[in-house]
Amino acid sequence: MSTVELAVSKVKKLSAHEVMELLGWLTSREINGDSLKQPARVSRTKAKARRSMQKLKAWQDSIRFTTDWQPPRMPDDLVKSVRL
């Protein structure tokens with residue numbers, strides 16, 4: 001089922017009072033200048049961010065395990081034993 005079909009089936013199940021509230025909410029959004037659609041610029045920005053994150057992850061996967069560097073460790077004489 002598509003998103004539109006799901007929305008239509010949900011609206012058909014609403015009571016008369018709920019339908020009037022929904023229509024009032026929709027008209028108030030239009031009066032306030034809030035659009036029902038997101039601006040195309042936002043979706044382009046999200047798509048660009050997603051592409052750049054995919055490139056970063058691909059690069060990170062490509063260099064993983066290519067070095068023998070180990071993070072510095074605390075000297076053993078500074079480590080206190082822990083009793084549980």
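Visitor: How many helices and strands are in the protein?
Guide: Helices (H or I, at least four residues) and strands (E, at least two) are DSSP runs, numbered from the N terminus. The protein has 3 helices and 0 strands. Along the sequence the pattern is α-α-α. This is a predicted model: local features need pLDDT of at least 70, side-chain atom pairs count only at pLDDT 80 or more, and totals for chains, interfaces and linings use all residues. Residues are numbered from 1 along each chain as its sequence is written, and side-chain values use heavy atoms, without hydrogens and water.

Visitor: What share of the 84 residues is buried?
Guide: Buried means under 20% relative accessible area, exposed over 50%, partly exposed in between (1.4 Å probe, protein chains only). Here the buried share is 0%.

Visitor: Which residues make the nonpolar surface patch?
Guide: Patch residues have over 30% relative accessible area and no salt bridge; nonpolar side chains (Val, Leu, Ile, Met, Phe, Trp, Tyr) are joined within 5 Å, like charges within 9 Å. In this model V11, L14, L22 and W25 form a patch of about 330 Å². L22 sits in helix α2, residues 16-31. L22 is partly exposed, at 31%.

Visitor: Which side chains meet in a salt bridge?
Guide: Side chains of opposite charge can pair when their charged atoms come close. The cut-off is a Lys or Arg side-chain nitrogen within 4 Å of an Asp or Glu carboxyl oxygen. The structure holds 1 salt bridge. R64 and D61 pair at 3.4 Å, N to O. R64 is partly exposed at 46%, and D61 is partly exposed at 47%.

Notes. Areas by Shrake-Rupley, 256 points an atom, 1.4 Å probe, with all protein chains shown as cover.
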